[in-house]
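Dear colleague,

I am handing over a structure that you have not worked with before. Please look through it first, and then read the notes that follow.

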Amino acid sequence: MSDIFNNELFEAFASASDNVYIYVCDMAVDVSRWSKNAISYFGLDGEYIKNAADVWASHVHPDDIEIYTTDITAVFSGKKRTHNCQYRARNSLGEYVWLECKGSVIWNADGTPKIFAGLMTRIDGQSKYDSLTGLLTSQNLYNVDFSSPPGIALLIGLDSFRKVVSNYGYNAGDEILVEFSKRAKALCRPGWQILRFSGDELLVLAFAAERQEAMDFYGRLGQEIDVIELKDGRKVGVSASAGGVSFPGDADSREVLINKLEHSLEYAKNTDRGTLVFFSEEIARKHERGQALREDLKSCIKNGFRGFELFFQPFVNPASQEIVGCECLLRWKGERIVDSYPMEFIKVLEDYGGIREVGFWVMEQAIRQQVEWRARYGNLWVSFNVSYQQFLDEGFEGRLVSYAEKYGVDPSYMIIELTESCVVDNPKELSAIFDRLRARGFKLALDDFGTAYASMEMLKCLHVDYIKVEHSFVRELSEPGHDIDYVIVDNLLEMCRHLGCSSIVEGVENSAVADIVGEMDATMLQGYYYSRPVCRSDFERLLDNDREKRGKAQS
Ligand code: C2E
Ligand code: MG
Ligand code: MG
């Protein structure tokens, strides 16, 4: 008998708990010793088991066997340090119970496994109900039979929940989740099931229901949660988006159902927040394209940012019509996908975090370019775009300062534009970052001002040097029926003057609009009328022409 087993500690640990089972395996002979409670509870043949991996696998639920074997194989091949997974195993009564299984290997000096030891905790009782909302947990999905009766599954997620939590506090977030769950549960028909799927997402299984019933349920839920009153009397406006899938029609297995629900909810949140979207081929295609974009982007980044390029669009002085700067705009052609626009691929980069590296690349190119052009053309204002997520990155300021030093740029000619592609849930933190960057001499701009509902709110808490007036107010200024655009642009520029900010008016597409905004006292103008965004050599040609014209005018 191996020494490994003759250990009083094993006895002590083995009898320490009713719902924790322990085992230790002598890998040289592939014999393991199991705690007595494991033998009785799972109906094992005896305390010592030869080839326990196979014996134990016969207890694992057929639907979970892959999870179990994948994890254990990864541990023994050295890919994973510890065995850690949850699955169901059959007990002596023939019932399946949930186990959390953790274990680790001690290796011999020659790299062969010496001991494998671990513990299995029964988590059935603990994980059936969610402790906050009292709803069933997603673990229960394993017990659902999706084949009959057919129905509709809805995955419902609260919109901008992170922002709600950051505005109202963590406890308020919990209160909202409880109310959301309570009200959703109250609206469920008899026979339906509702589970807390994850964080702020609920899963409703509307058995024997048609689409219309599911839509009515979602509509009523929207009204119910429209305003939630907290215990302290504060009222919070809440909305939810949802994805819907019919089963078994659209999904004949649990995995497919969950995948399709998640894709549909993601689609709803991205394209039509606050609505219910049923799974469709378009969603599947969108999802596939998203995956392909992500892979292609990753591969290009790994290959030294292959396919990425900066384009430049001039800023023009309204009085002299001279090019005084430019905005750097990112372009990308992938190895497989060659037709993606910034709005699409930047969103993908932001979603998976690739924007960090690409953003640093853009930052370096923009700074380097400013310095290179300064030598040839005199100082130009060069702006580049940075999303909220990038600003919050701990490495952002450090990189900016190090590139500025490396290339010797004058920071007062670098304009950093905050794009409004995501919700700013911590304006105070952002404001501190802005102030530090401004103290170092960089110029800060609010991009696309006026479009996002939070523009004014942002202006209240952020000190900026530039406001960029969004092109949708500008493009059609010269056309009849656009008086309101005129009033908006004129007043935004007036506001800039009062705040002591400079302004850049985007979307100047023709000479008529150029004439109108030219009268208005903007600091700089930008738009297709002057030039579309162009590659570096074309932009340099524009600068050469511009400087030549100016030279002639002066002589
Ligand atoms: P943005 O920063 O507001 O850039 C201006 C967008 O308006 C550009 O689109 C530009 O091509 C377009 N535009 C310029 N003049 C006109 C005009 O006269 N009429 C109209 N209709 N459009 C005009 P683009 O290049 O497709 O970029 C889209 C957005 O992608 C940018 O909007 C910016 O938010 C984002 N973006 C671009 N480069 C970067 C980057 O390096 N980093 C980050 N985070 N975002 C970027
Ligand atoms: Mg911009
Ligand atoms: Mg813009």
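**Notes on the structure**

Ser-431 has its place in helix H15 (residues 427–439), where helices (H or I, at least four residues) and strands (E, at least two) are DSSP runs numbered from the N terminus. This is a predicted model, in which local features need pLDDT of at least 70 and side-chain atom pairs count only at pLDDT 80 or more, while totals for chains, interfaces and linings use all residues. Residues are numbered from 1 along each chain as its sequence is written, chains are lettered from A and ligands numbered from 1 in the order in which they are written, and side-chain values use heavy atoms, with hydrogens and water left out.

Ser-431 counts as buried because its relative accessible area is 11%, buried meaning under 20%, exposed over 50% and partly exposed in between (1.4 Å probe, protein chains only). Leaving aside residues up to four places away in sequence, Ser-431 touches Cys-461 and Leu-462, a contact being heavy atoms within 4.5 Å.

Glu-417 is buried at 0% relative accessibility, and Asp-447 is buried at 5%.
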